[in-house]
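Subject: Handover of a structure and notes on what was found

Dear colleague,

Please find below the structure that I am handing over to you. My notes follow it, and I would ask you to read them with the model open.

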Amino acid sequence: MLKDTVRTKTYQNVIYQNSFLFKNKVVLDVGAGTGILSLFCAKAGAKHVYAVECSLMADMAKEIVEANGFSNVITVLKGKVEEIALPVAHVDIIISEWMGYFLLFENMLNTVLYARDKWLLKDGIVLPDKASLYLTAIEDAEYKDDKIEFWNSVYGFDMSCIKKQAMVEPLVDTVDQNQIVTNCQLLKTMDISKMTPGDASFTAPFKLVAERNDYIHALVAYFDVSFTKCHKLMGFSTGPRSKATHWKQTVLYLEDVLTICEGEALVGSMTVEPNKKNPRDVEIMLKYTLNGRHCQVSRTQHYKMR
């Protein structure tokens, strides 16, 4: 993740180019990992930074903080945000890199919201403060044949039961922008400074209009993140037309191969909610309809990210 320059450089630029936000402020870094964001904040003039990390990486973070001479500014706290005691009653800023694949898979959003409600001052800020999920459609015959249709005949044997499993699990991979067949549609924007945990469950309609005659094999989801409290709007995209990140894109294969003509629309809705047994997993329901010249289809598909 440190080598994901889109991610790390954006955070660095947000902090260094907006040092007025951090000067003499108390910062909470949620899920600090190596402590890189805390180090950026300390260098930008933060009064104190509390870096919370529940994994063994917290021990490394302490060493890194000491090695770089910031022990007097950064306090590393090992434990879960929900269980630790902060030495202060309030913080001015919460910063976190909480996003997961598909934005919401294995994410730390609820932990950030918990910290916000417990410690953030009324006029305090959350960084980043906006996250948006988008959807588009792609032609992907070659990959679908390789990953899905492969199971129809494996050295002459029917293993199509595995194909059903492969269809249910979204694929996290990098999509070539030339595969995109339709427009990109905004599904959901979340305001991290105001939202509640329940807002991460939603149903959103979509209308994807073909920009050329082609086939559609899959829908692709990706997200953008924004830091709107900066001197000028900053952020990054994980979309196929942007520089690649470690989040890549999330590909949901359709049971049907859709033949679509320029101007025709694939319409439907996507429902997203955490798995009831394991909230870090994500359940996705896709409903879609195409009434085209060469293809008429209406279907509901279920996916699980786990």
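At the start of helix 1, the backbone nitrogen of Val6 has a side-chain oxygen of Asp4 within 3.3 Å. This is a polar contact, a term for a pair of N or O atoms within 3.5 Å; within protein, one must be able to donate a hydrogen and the other to accept it, and residues adjacent in sequence count only if both atoms are side-chain atoms. Helices (H or I, at least four residues) and strands (E, at least two) are DSSP runs, numbered from the N terminus.

Before going further, please note that this is a predicted model, in which local features need pLDDT of at least 70 and side-chain atom pairs count only at pLDDT 80 or more, while totals for chains, interfaces and linings use all residues. Residues are numbered from 1 along each chain as its sequence is written, and side-chain values use heavy atoms, with hydrogens and water left out.

Helix 1 covers residues 5-16, twelve residues in total, and spans 15 Å from its first C-alpha to its last, close to the expected 16 Å. The expected span is 1.5 Å times one less than the number of residues. Its buried residues are Val6, Arg7, Thr8, Thr10, Tyr11, Gln12, Val14 and Ile15. Here buried means under 20% relative accessible area, exposed means over 50%, and partly exposed lies in between (1.4 Å probe, protein chains only). These buried residues of helix 1 pack against helix 2 (19-22), helix 3 (36-43), strand 4 (91-96), strand 10 (214-227) and strand 11.

Helix 3 is largely enclosed by the rest of the structure, because six of its eight residues are buried. They are Leu37, Ser38, Leu39, Phe40, Cys41 and Ala42. Just after helix 3, Gly45 has a positive phi of about 105°.

The chain as a whole

The chain has seven helices and 15 strands. Of its 306 residues, 50% count as buried. Its C-alpha atoms fill a box of roughly 65 × 40 × 30 Å along the principal axes. Contact means heavy atoms within 4.5 Å. Among contacts between residues at least 6 apart in sequence, 73% join residues at least 24 apart.

The largest pocket

The largest pocket has a volume of about 1100 Å³. Of the 45 residues that line this pocket, Trp98, Glu106, Asn107, Met108 and Arg280 are the closest to its centre. Strand 1 (26-30), helix 3, strand 2 (48-53), helix 5 and strand 13 (265-274) are the elements that each give two or more residues to the lining. On a 1 Å grid over the protein atoms alone, a pocket is an open set of points where a 1.4 Å probe fits, with protein on both sides within 12 Å along at least five of seven lines; lining residues have an atom within 4 Å of a point. Grid points are joined across faces, edges and corners, and the volume is the space filled by probe spheres set on the points.

The lining divides into 24 nonpolar, eleven polar and ten charged residues. Ala, Val, Leu, Ile, Met, Phe, Trp, Tyr, Cys and Pro count as nonpolar, Asp, Glu, Lys and Arg as charged, and the others, Gly among them, as polar.

Individual residues

Val112 is found in helix 5 (residues 109-119) and is buried, with a relative accessible area of 1%. Not counting residues up to four places away in sequence, Val112 touches Val30, Ile94, Ser96, Trp98, Val126 and Ile192.

Thr238 lies in the loop between strand 11 (234-237) and strand 12 (249-260), and is buried at 2% relative accessible area. The side chain of Thr238 reaches the backbone oxygen of Phe223 at 2.7 Å. Lys248 is found in the loop between strand 11 and strand 12, but is partly exposed at 35%. Phi of Lys248 is near 50°, a positive value in a residue other than glycine.

Tyr253 belongs to strand 12 and counts as buried, at 4% relative accessibility. The side chain of Tyr253 makes a polar contact with the side chain of Asp140 (2.7 Å).

Finally, the peptide bond from Leu127 to Pro128 is cis, with omega near -5°. Pro128 lies in the loop between strand 5 (120-127) and strand 6 (130-138).

Yours sincerely
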